[in-house]
Amino acid sequence: MADMPVPRRGSSIGIDLGTTNSLAAMVGNSGTADILPNRAGEAWTPSVISPRRSKQEAGNYLVGTEALHNFGRDPRNTIRSIKRLMGLTFNDPTVRVAREQITYEILEDPSRANALVVRIGGSLLTPEEVSAKILERIKTDAEERLNNPVTHAVITVPAYFKEPQRAATWNAGLLAGLSVTAILDEPTAAALSEYHGVKDSPARVLVFDFGGGTLDFSLLQITNSGFTVISYGGDNFLGGDDIDRGLARVITERIFDEGGVVKEDDYRLQALLKQEAEAAKKILSSGADTAQLNNIPVRRADGSMLDLEMELTPADLARTMAPIERRVREALEKYLRKESLPPESITDVLMVGGSSAVPAIQRLLRDIFESDGVRRVRLARSPMEAVAKGAALYAKMIVGVRCICGQENNLDAKTCVKCNKTLQSGTFTMDDATSRTITSRLPGSMGVGYRAGNDADAYQVILRKGSLYPITEPIRETFRLPSTLKFTLNILEGDELKASQNHLASVLQVDQLPPDVKEGDPVTVGFAYDRNRILYISITFPSSKEKFSPQWKLDRQKETPPDEAINALLVLLPRVRNFLNEYRDLIEQGVRLKLQDDLDQAQNAITTSNRTEAERLQGVMSRSLFDGCGIASTLFMAEHTIAQDHPKLGHAVKEGALKLRQQAKDRDPEKETTRKALEQLVTRALMGEKNQASEDLGNWDMLTR
Amino acid sequence: MNANGSTNVPVPSPNEAALERYCRYLEREYTSFVSSLADMLDSVEVWRRNAGPEEATRWAVLQRSVDRVLVQHGIRPTARQGQPVDLRCHEVVAMTPDESAAADTVVQIIQMGYEMVLPGIGPICLRPSKVVLSSGAAAEPAEPKKNSCDEGAIHG
């Protein structure tokens with residue numbers, strides 16, 4: 001392979017970031033999408049993180065299979081199903097429901113009102129940071145598999161995800177060190193995987209995605225030129241996990257019959273029962289007559305242990321499935337009714353997701369959609385991998401960005417090489433003419449709240465749900481000016497009739513109006529929306545002779561703002577938060593408060609897109625992190641050195657960090673000597689001075705003996 | 001090729017691609033075969049435990065024979081009593097206080113797991129062992145008093 005061209009950028013992969021498991025795929029040389037197994041050789045990486053408890057591994061997190069294996073040991077600190085919390089606020093009703101179903105703690109972020117964080121060990125992490133750790137693991141494993149850096153990714157999200165949830169997913173990708181090419185709807189990805197390259201693909205496909213935690217349906221319009229999601233529905237809290245829970249209840253009943261005890265708060269036994277139920281579901285779904293469960297360790301009321309064995313039968317599965325089938329039917333019929341879709345108006349039903357493999361669910365769908373004898377329902381070729389493979393195909397197809405002037409540009413370019421205009425409003429160019437384009441539609445309406453006569457709660461939609469974007473030419477609506485003192489504009493997202501029932505995205509204020517406008521004059525508000533989901537708002541006063549037209553930019557995708565200083569600050573912010581959480585006890589109170597204050601200012605600089613402040617704060621916080629917090633800074637640097645590819649030195653640094661941590665805790669007077677020696681090792685390691693580092697290792701041995 | 005005329009990944013020759021596919025196929029088949037065998041061994045273990053002394057000995061002989069064959073083919077069991085937990089191949093299903101065992105060591109194997117050792121690659125976990133760990137002595141001596149700042153400390 002010596003004559004291979006040197007790649008200018010790394011590989012581009014597709015990632016199905018799932019509620020229960022995540023999966024990566026890439027299009028290989030043959031043109032087909034292949035799954036990229038993780039470091040353990042498994043296709044799926046559990047979307048789970050957990051704190052390390054071993055002293056040897058201090059400061060890091062367990063991710064994936066190891067974290068899942070740790071659940072039985074540390075259920076209160078093992079974070080699962082984080083996707084349910086992405087982009088949501090602390091007071092969101094969905095969060096309240098999620099809290100009843102999970103074993104870890106969800107808290108309000110002490111530094112940001114109504115933002116949520118989860119507790120993991122001694123740290124508080126945002127859902128984006130948790131997802132970033134999962135994505136980071138997927139990226140690293142893919143790089144190991146490909147022996148090539150992975151720089152770009154297409155990440156999939158459910159079609160019903162609203163803008164904040166999509167933006168959070170995008171941010172997670174950025175925090176994981178990925179350049180996110182696109183956020184793609186899961187049903188679109190599944191359909192792409194199934195119908196890519198198929199000439200006579202069906203026109204209206206209902207994608208039925210029954211995964212571990214959610215049930216989603218999406219109606220796709222497929223033409224020779226592209227895929228478009230027309231509508232979607234589903235049940236966010238119905239999935240294969242419910243089948244597992246149902247079967248676990250059957251097992252629990254049997255345990256009671258045998259004199260065993262199952263306590264509600266016995267997370268460990270509950271986890272075991274769920275695993276056994278999952279295994280039984282798979283066996284019974286494959287058509288087996290029985291599923292044998294062996295060696296279930298249960299305690300009797302007197303405290304003695306009971307080694308239980310039992311058999312589950314198809315009748316047990318049917319009993320469990322009955323209420324789930326009912327919920328699936330209800331959700332589906334409600335969706336079809338709401339969208340006025342008679343079953344015969346759908347040309348094909350594509351079943352994806354692991355739970356679609358359960359025969360009872362396939363029978364149910366055939367019952368609904370094939371009553372007229374036309375065969376429409378089919379299971380995807382690889383129901384659990386279709387989404388990741390579709391994302392990989394899309395990642396491969398996108399090769400550049402076409403500017404509105406018609407010039408094709410490199411995918412990473414920010415401005416057009418020909419006209420120098422920003423490429424935010426450009427469209428993706430595909431690798432060949434046969435590639436179908438994927439049209440994005442707004443998942444919800446956007447508009448403004450205003451006073452209409454006596455109604456102070458009126459909502460005027462400007463960009464309608466389902467509109468295709470990018471929208472380069474602003475769509476305008478005209479209102480009457482309520483007052484000449486100042487003009488406040490509430491930017492709202494949602495499809496409810498009243499302004500107060502929709503999500504308030506931003507409040508814009510014009511303090512000084514042109515002098516020649518008066519109350520009741522027209523004011524025109526224009527919305528444009530680019531491919532990176534940034535909303536551009538403009539206001540004009542048609543009756544005024546003054547050329548006064550204020551403009552704003554509402555950036556829902558904060559990770560790629562045009563300003564690099566703000567971008568860098570966005571990456572630095574979670575690091576500083578983690579630093580404060582991790583080393584709080586080692587940082588002097590004054591320094592800690594100052595850093596907390598810097599954090600607040602940084603958040604403000606991002607919100608207001610203040611470039612100068614962002615630059616200043618980036619410098620200030622970086623200095624604090626690497627140099628200004630004494631032992632905490634040394635440990636922070638050491639933690640980063642552990643990740644370097646320098647095993648012997650890495651080991652010494654790790655040992656040193658643990659020793660220093662302990663000495664700091666014990667207030668050992670020797671800690672300053674250790675700190676200096678450790679600092680020397682870390683500097684050598686980071687600067688790559690391996691020879692000098694070997695000498696330092698000798699000194700280190702003497703110091704620590 | 002992308003817009004810059006560069007490729008995203010090193011392009012293997014057709015023969016290399018075919019070989020890689022074949023290796024993946026073998027890995028998948030091998031894993032599937034061993035998993036099935038491990039399920040069968042679970043049943044043998046249940047029969048052995050429920051059998052009378054004479055029959056139990058016969059089952060034990062069979063188990064040892066199969067284990068030997070597995071080891072000869074690079075497959076080994078992943079759990080033994082007293083071993084410190086290895087989350088790569090140990091799935092913790094419960095914790096139990098045990099004065100005789102150090103914390104985080106295996107005190108009971110609920111289901112044996114297996115790993116395959118590939119030369120040049122290392123061990124690959126084919127199925128994790130389900131284990132119960134010791135949480136140490138039930139009434140541990142009181143730890144040195146921590147101040148409130150310790151909440152943020154690394155677990156240890």
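Predicted model: local features only at pLDDT ≥ 70, side-chain atom pairs only at ≥ 80, totals over all residues.
Figure 1. Residues are numbered from 1 along each chain as its sequence is written, with chains lettered from A and ligands numbered from 1 in the order in which they are written. Chain A holds 17 helices and 32 strands (DSSP runs numbered from the N terminus: H or I of at least four residues for helices, E of at least two for strands). Of its 705 residues, 44% are buried (20 or more other C-beta atoms within 10 Å of the residue's own, C-beta atoms being placed from the backbone). Among contacts (C-beta atoms, placed from the backbone, within 7 Å) with a separation of 6 or more, 63% link residues 24 or more positions apart.

**Figure 2. The open four-stranded sheet β25-β24-β28-β29 of chain A.** The pairing in this sheet is antiparallel (two strands pair if DSSP finds at least two bridges between them). Its edge strands, β25 (455-463) and β29 (503-510) of chain A, each pair on one side only. Neighbouring strands of the sheet are turned by 30° against each other on average, direction ignored (axes are lines fitted to C-alpha atoms). Strand β28 (residues 487-493) of chain A runs antiparallel to β29(A) and is joined to that strand by seven bridges.

Figure 3. Helix α5 (residues 186-195) is mostly covered, with ten of its ten residues buried. Among them are E186(A), P187(A), E194(A) and Y195(A). Just after α5(A), G197(A) adopts a positive phi of about 85°.

**Figure 4. The largest nonpolar core and the surroundings of A25(A).** This core has 127 residues (a nonpolar core is a set of buried Ala, Val, Leu, Ile, Met, Phe, Trp, Tyr and Cys residues joined through C-beta atoms within 7 Å). I13(A), A25(A), A391(A) and Y394(A) have the most contacts inside it. Helix α10 (residues 386-397) of chain A gives the most to this core, with nine residues. At least three residues come from each of domain 1 (11-177) and domain 2 (240-321) of chain A, with bounds from an automatic or database domain assignment. Leaving aside residues up to four places away in sequence, A25(A) touches residues including I13(A), L36(A), E385(A) and A391(A).

**Figure 5. A second, separate core.** This core of 33 residues includes L569(A), M621(A), L660(A) and L678(A).

Conventions:
Buried ≥ 20, exposed ≤ 12 C-beta atoms within 10 Å, placed from the backbone. Contact = placed C-beta atoms within 7 Å. Axes fitted to C-alpha atoms, helices over the stretch in contact; angles between N-to-C directions.
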